[in-house]
Structure formats: structure tokens, C-alpha cells
Amino acid sequence: MLSMFGLIGGLALLIYLTMRGMNLLIVGPISALFVAVFSGMPLFPQLVEEGAANFVGNYMSGFSGFVTAWYMMFLLGAIFGKVMEDSGAADSVSEFIVDKLGMKFAVLAIVAACAVLTYGGVSLFVVAFSVYPMALSLFRQANLPRRFIPAALAFGSVTFTMTSAGSPEIQNWIPIQFLDTSPVAGWEVSAIVAVFMMIFGYWWLKRMITKAIARGEKFEARKTDPMMEKRELPHPLMGLIPLIVVLVISFVFHDSLKQSALIIALLGGVVSAYLLNRKYFKNFWEALSEGTMGALIAIGNTAAVVGFGGVAKAVPAFQTAVDAMTNIPGSPLIGAAIAVSVIAGMTGSASGGQAIALPLLAPHYMDMGVNPEALHRVAAISSGALDSLPHNGYVVTTVRAICGESHQDAYNPVAAVTVIVPLIGVAIAIVLFSLGLGI
């Protein structure tokens, strides 16, 4: 009972302090300590046998494991974004879009750019780094409230692309090893749900922005923004080519190198951006330095939350919650959706929700005769809903480290398009599969 109170209380504390704007490098350990104390978890490695659960060991294992796995991608992604910004390539592309499509399509351009890169295999975190300079430029030129930039980036990255059939993102690939399916499992239903999320989510995002403008909100420049000065910019094509290079290289090497393909892809993007636009840089080496510092802040914030998950997963209450979620009576697809989504919410990770739930769900539901393709698609879509609570690593990185916004200002629009829209999407998927579509 105390352990469950600690788990729920720690998660609530993490969300509350995050929303209040506290530093995540402090909030993460404090919230994890709350969980550990109420669960009776020893605090230090020296107090337990080697390999046994303890607060410091589990927290730092989660923290350092994330840094080890993602540092190079965060570093190169942040540098790529800064290189695109400093060379004027991002401004050039954004001005071209505005000239050709008009200001009213600025948000659509950002969503489309994120969607193409995500579906092309570029990591969600890296997409936010890469597209943010263009998004900032577009919002500035269209005079839109900048607090909606995180929602635009997130909507294009973690909704209709991340969990759809054919997506190279890990959230679409985890179910394969447990269900013996393919990346395009349940593609008929997936296509319908993706189109719904695309149209409804974009309509909702535009509606929120329109209402904010009607209240008098507008773009507010900051001292830290790159200056919009009248200077010669590269041709828009020179700004698009580095993005295409990242997309093509990541696609070519994705199957053989998995996430490590991004290292080659982003390095190719940085090199191509420099070679094509070198005469337009204001200060190339300063851009590299700023990108490096940005990467350190972003990965530190995210790892602080992942460390909390490392402690939460080791306490008795977590296993109790998982057992309860994976034994929900009624339709197996509804039970699977709830289990994956709730566990993803507790861990702040879509992939974590699947990796914990599916080893338990898959054999049980397969023995019951549940269609594996339907289960694959429902698990994938549902993992991308409650995972986007305020403490989610991607949300924290995008809102705080990349866009420089507060959760109080920016999170509600993010929640609308990345929590509510996917929840409706998974409900539609369950209904369609129950009616026999795609089975």
C-alpha cells in the first residue's frame, strides 16, 4: 500500500513540479526519492547485494543508460539545427514557404516537415532540433504566438507518423518481436486512423492558435533569438538539400545500423549544410558551440526523467500496477490499449510502455486467438497517448530545452494534439478492428 502511494505520489510530484517550471535535474531525483522511500528501497548500492535494486544505482543506471544510447544523436541533431539557423538556410526555406503558400500555411509547413522526417526514420528528438529553426522563423514572419511551436513540432512527430503502419520509429517495431508481425501490420486501419489524426489534430491546433490571436497574442521576440537582419540568404534549395540528405541517409542505413544510422545521417546533414552554405555563415564555430551546449541541456533534462522511470520500475507497486493493467476483463484490444497506455504514462515513454506490457500481454492474448496484426496496431497507437504527459522526455526536451518555453504556457496545446487526439485514434482503431476491418 505504501509502495503504491509512493509510486502515484512520486509521479504526481514529478508532473506538478515540472508544470511549475522547476529544474528537471533537481525534480527527477527528488520525485524518484519519494518513490524509493515509500517503497522501502535502500538508498545506496553499498547497502544491498551487488545488482540489487537501490535508489542511487537504479536512478543513475536509467540516467546514464539514456545518455550512453542517445548522446551522439542529440549532439549532432542540435549542431545540425544551429548550422541551419546560423547559415540562414532555415530562414531561406521558411521565406520560400511563406512566399509560395502564404502565412496561413506556416503551421502546416512545420507539421509536414516533421512528418516527413519522422516517417523517413529520423529520431523524434532530432526532428525537433532540426525543424525548430525553421519553425521559429515561420512563426516570427507569420506573427503567431511562439508558445504553440512545441505543439506543432510534436503533432508532426509523435502522432500520425510515429505509430502508423510502415513507420521506421521504434514504437512501430517493438511489437514485431513479440507478435511475429511486420511493420505494416493492420495497415488498412492504420491508414484510416492516421488520416483522422492528421485532419482532426491540425484543425484543433489551428483553432487553438486562432483563438489565441483573437485574444491579442502575437509573436514575442527574445534576446536569445537569432536576429532577423537583412542579409543575403542561400537559395531555398540549399536549405532543403541538407534535410533531404539526413532523410535519405537515415533511410538507407536504418535496417543495418538502426538508431546509429542517425549519426551518419546527421553528420551528412551538417557537412552538406556547411559545404553548400559556407559563405553565408555568421560564425560557424560559435554555432557548433551553441549546438553542443543545447544538446547537453536537452539530454540532461530527458535523462533526469528517464532516471525516475528506472527507480519506479523497480518498486513492488509498479509490478502490481502492471499485473492489474494486463489482466483487465473484456475485449482483449481494449485491455491491451489501456495497459500499454497507462504503463507508458507511468514511465513517460511510449517504447517503455510497450516493452513492459507486451511480453506479458502477447502470449496471453495470442492464446485467446486475438489477431496479432490488430494487437500490434492497437499497442503501437495506444503507446503514443498517455506517454506525452508533462514528464515525458520528448515533451520536456521540446518544450524546455529546444523551444525555451514553460510547461505552463506550452503544454496544454501539446497535450491536446499528442494525448487527446491519439486516444481518440486508438478508440477508432479498436472499433474498426472489432468490425473485422483489416483482419
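User: Is Ser31 buried or exposed, and what decides this?

Analyst: Burial is read from relative accessible area, where under 20% means buried, over 50% exposed and anything in between partly exposed, using a 1.4 Å probe and protein chains only. Ser31 has a relative accessible area of 0%, so this residue is buried. Ser31 is found in helix H2, helices (H or I, at least four residues) being DSSP runs numbered from the N terminus. Leaving aside neighbours within four places in sequence, Ser31 is in contact (heavy atoms within 4.5 Å) with Gly10, Leu13, Leu14 and Phe308.

User: What kind of model is this, and what should I keep in mind about the values?

Analyst: This is a predicted model, in which local features need pLDDT of at least 70 and side-chain atom pairs count only at pLDDT 80 or more, while totals for chains, interfaces and linings use all residues. Residues are numbered from 1 along each chain as its sequence is written, and side-chain values use heavy atoms, with hydrogens and water left out.

User: How many salt bridges does a search of the whole structure find, and which residues are linked in a network?

Analyst: Side chains of opposite charge can pair when their charged atoms come close. The criterion is a side-chain nitrogen of Lys or Arg within 4 Å of a carboxyl oxygen of Asp or Glu, and the search of the whole structure finds five such bridges. Glu405 forms one with Arg146, their closest N and O atoms being 3.4 Å apart. Because Glu405 lies in the loop between helix H17 (393–402) and helix H18 (407–434), and Arg146 in the loop between helix H6 (124–142) and helix H7 (149–158), the pair ties together parts that are 259 residues apart in sequence. Arg222, at 31% relative accessibility, counts as partly exposed, whereas Glu405, at 7%, counts as buried.

User: How is an aromatic pair described, and at what angle are the planes of Phe5 and Phe34?

Analyst: A pair of aromatic rings is described by the distance of the centres and the angle of the planes. Rings of Phe, Tyr and Trp (its six-membered ring) pair if their centres lie within 6.5 Å, and planes under 30 degrees apart count as stacked, over 60 as edge-to-face and the rest as tilted. The whole structure has 13 aromatic pairs. The rings of Phe5 and Phe34 have centres 6.0 Å apart and planes at 45°, so this pair is tilted. The pair links distant parts of the chain, with Phe5 in helix H1 (residues 2–19) and Phe34 in helix H2 (residues 24–38), 29 residues apart. Phe5 is partly exposed at 48% relative accessible area, and Phe34 is also partly exposed, at 23%. Elsewhere, ring pairs link Phe196, Phe200, Trp203 and Trp204 into a cluster.

User: Which residues have the most contacts inside the largest nonpolar core?

Analyst: In soluble globular proteins, nonpolar side chains tend to be buried together. A nonpolar core is a set of buried Ala, Val, Leu, Ile, Met, Phe, Trp, Tyr and Cys residues joined through side-chain atoms within 4.5 Å. The largest one here has 138 residues, and those with the most contacts inside it are Phe74, Val107, Leu153 and Leu205. Not counting residues up to four places away in sequence, Leu205 touches Val107, Val111, Phe148, Ala151, Ala152 and Val417.

Key:
Helix = DSSP H or I, 4+ residues; strand = E, 2+ residues; numbered from the N terminus.
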